[in-house]
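I opened my notebook to look up a few things in one structure. Here are my entries, in the order I made them.

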Amino acid sequence: MKRFFSYFLFQTRPEETLTSRQRVVFWLWNALLTAGAAAALGLASLLLATGNASAKVMFMDYLRHPALVALNLLPPLLLMALLYAATGRAWLAYLITALPVLGLSLGNYYKLVFRDDPVLASDLLILGEAGNMAGKYHLFLDRKLAMALLPALMAGVALFLLARGRPRLPVRGGIAAAALIASLALIPVYGSDSIYNKNANADHINPWSATQQYISRGLMYPFLHSIKTAMPTPPEGYSEKEAAAMLAEYQDADIPEDKKVNIVGVMLEAFTDLSGYESIELQTDPYAYFHALEAESYTGNLLTNIFAGGTVDTERAFLTGMAPNDINYRSNTSSYVWYLKSQGYQTFGDHPSNRWFYNRVNINSYLGFDQYRFAEDHYKPLVGTDTAFDNVFFHEMTAAAVDRIENGDGPVFSFSVSYQGHGPYSDNICWWGEVDDYVANYDLTQEERTILANYFGSVMSTQYYVSEMVDVFRTMDEPIVVVVFGDHKPWLGNSNSVYNSLGIDLSRMSVDSFYNYWSTRYLIWANDAAKEVIGHDMVGEGPDISPCFLMNVLFEQLGWEGDAYMRAVEPIRQELPMVHRYGSYLTADGELTLDPTEEQAELARKLHNLEYYRAHHFSGETG
C-alpha cells in the first residue's frame, strides 16, 4: 500500500526509478480514473434525469440501451478531456465540468419534481425567470439526490488525491485535438431527429407525454438535441424595427365598463359538421341541437392549420392571435388572455384530461390564466380515470363559470378544451350503442361503419351538452357570450381510409377539398342580457377565417377594439381573413389562392412580422 501511494498520491510525473512498464501503468491509471470520474458524473446526471419516475425502473431502462448511455456520457467525458488538456489537472477539469453538468441536472430534477417540465436549451434564454421560479419553491435533499451527488463528490476527491498526473504539452495537445474532432463529429448525431426517434426507450413511459419522452432519453442527450429549436427562425423579411413601429401606431384600447360581457369559450375535440356530405347515410341527425344553436348564433368556418391531430395549434392561435408553430411558450407569452386580465377579467378554464398533455399546466399560466383545472386536481376524483367525458366536463365547467359570474371579482373569461371525441375510434366495438343507430352506409366495411358510428355517437353526445350549457346561460340575468369551435377534422381510419371509402376528396387540390381537409365550424352565441349590452342580436353567417383571427371576429361582434396587436392585424384580417401555414390565402371576396398579389403577399409578410415580434416581446399584462 505504501508503494501504491508513492506511485500515485499527489504525483504529477512518474518517479524516475519506475520501470517503463510501471510508467505505463501510472499514465493508464490516471487516464482510467479521469475517464471513470467523468463517467460517474454522467451516471449521476442520468440518475437525476429520472425526475419523479422510479429510479430503479427508468435507470435500468437507460442501462438496457447502450446507445442512450453513450449519448449521455459522452458530453461530460469530452468536456472533461478538453479541460484536462487545457489545465493539465484532472481534478480541476472535473470540478469545472461538474459545475454545468450537475447544475443542469439539479435544475432539471427540481423542475421535473415541481412542475413536471424538463429543462430545454431554450430555458437558458430565460434564466431570470428560472431564478424567480426557484425562489417560489422549497428546495430539498432527498435520497435520489444523495445517491447522485455523493458518488460525484467522491470521484472528485479521488481525482484530487490519486490522479495528479500532468502530461506534457504535446500529449495534452493530442488529447485536445482528439476531443475536438470527436465533438464536431457528434454534432449532427445529437441534432438528428431520426437518431433521436430511434432511441425512444418507451417501455415504461406514456408516449403521449412530451415530458416523459424527454426523460426516457436521459438529460444530456435530449437537452443537446433541443438546442436546434432554442433559437427560433424569424420569418423571411423580418424586421424588428418595422414590427415595433407598426405596433407603436396603436395602443391597447380599454373595454368600456358598460360594454363588458362574460365570455365562455369551449374548444371541442375533433368536432366538425359532416352532415352535409351526401355519401354519409345518417340514421339520425347527430347535429340537431347544434344546428338549432347555430340558427340563433353568429357562425362561420374555421380554416385550421391541422388535420386529425395537433389540437393545441388551433387552441393557442385563438388565445394569442398568432399562428406560427414554433413558439416555444417557455415564459410569459403575449396573448388575449393577458389583455382581458388587464381589463379586470377573471381568467380560468378546464381540460378534463392530464395536465401534462401539451404541457398545458405550465403554458396556460404563461398565457395568462389564473387557474386551470385538470384530471389530476379535479376530474379524476370525480370519474376515477385520467379523462372525463362531456357529461361530466360540461357540468363542471358550466358550474365553475356560473359561480365565478355570480360570486367572483370581475367579469369572466373562461376557456376550456374538451377531450371527448379524441381519436382514434374503435373499429370493432361501438362505444355509443349500436352501429345501426347512427349510420347505414352498408357498402362500407363493418370496421369503417363502426369508426363512423363511434364518431357520430360522440358528436351527438357533445352537441347535446353544448346545448344544455347554453340553456343554463340563457336564463341568467348577467350578460354572457359563448364561443364554441372545433379544433380540427376527425381521424377516420388509418391513411384516411373512411374518408376515401366515402369519396370525400382530401387532396387539397380544389376549393372543396381544401375545406374538406381543413375546415371546422365556429359559433358565437349571446344571451338576452348580452344582446342588450352589445346592441344587436349577433345572428348570421360570419366570415371564413384562420383560428388566429377568431378573437378578432368575437371582439368585432362585441364592439371592442382590443389590444394594440389586434388593432394592428385587423386591417390585414379584413383583406386576408385566412393566411394558411402551408401557403394558401383566402381573400376578402372569398377567393382561395396559392398565388397572392404583391399587395396581398406584403400584407401576409407584415402579419408574420407582427406575429414573430409579439411572440418574442412580452409586454406585461397588456400582452
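I started with Cys-548. I found it buried, because its relative accessible area is 3%, and buried means under 20% relative accessible area, exposed over 50%, and partly exposed in between (1.4 Å probe, protein chains only). I looked up Cys-430 next. Cys-430 counts as buried too, at 16% relative accessibility.

I noted what I was working with. This is a predicted model, in which local features need pLDDT of at least 70 and side-chain atom pairs count only at pLDDT 80 or more, while totals for chains, interfaces and linings use all residues. Residues are numbered from 1 along each chain as its sequence is written, and side-chain values use heavy atoms, with hydrogens and water left out.

How many disulfides does a search of the whole structure find? I got zero disulfides, a disulfide being a pair of cysteine sulfur atoms within 2.5 Å.

Then I took the whole chain. I counted 25 helices and 11 strands in the protein chain; these are DSSP runs, with helices as H or I of at least four residues and strands as E of at least two, numbered from the N terminus. The C-alpha trace spans about 100 × 60 × 50 Å along its principal axes. Of the 623 residues, 52% count as buried.

I moved on to helix pairs. Two packed helices are described by the angle between their axes and the distance between the axes. Axes are lines fitted to C-alpha atoms, for helices over the stretch in contact, and angles run from 0 to 180 degrees between N-to-C directions.

Leu-43, Leu-46, Leu-47 and Ala-49 of H2 meet Ala-55, Phe-59 and Tyr-62 of H3. Ala, Val, Leu, Ile, Met, Phe, Trp, Tyr, Cys and Pro count as nonpolar, Asp, Glu, Lys and Arg as charged, and the others, Gly among them, as polar.

My next pair was H18 (residues 390-407) and H19 (residues 446-474). Their axes come within 10 Å and cross at roughly 20 degrees. That makes H18 roughly parallel to H19. Phe-394 and Met-397 of H18 are among the residues in contact (heavy atoms within 4.5 Å), and Tyr-465 and Met-469 are among those of H19. This contact has nine nonpolar, three polar and one charged residues.

Technical notes
Angles under 35 degrees count as roughly parallel, over 145 as roughly antiparallel, 65 to 115 as roughly perpendicular and the rest as oblique.
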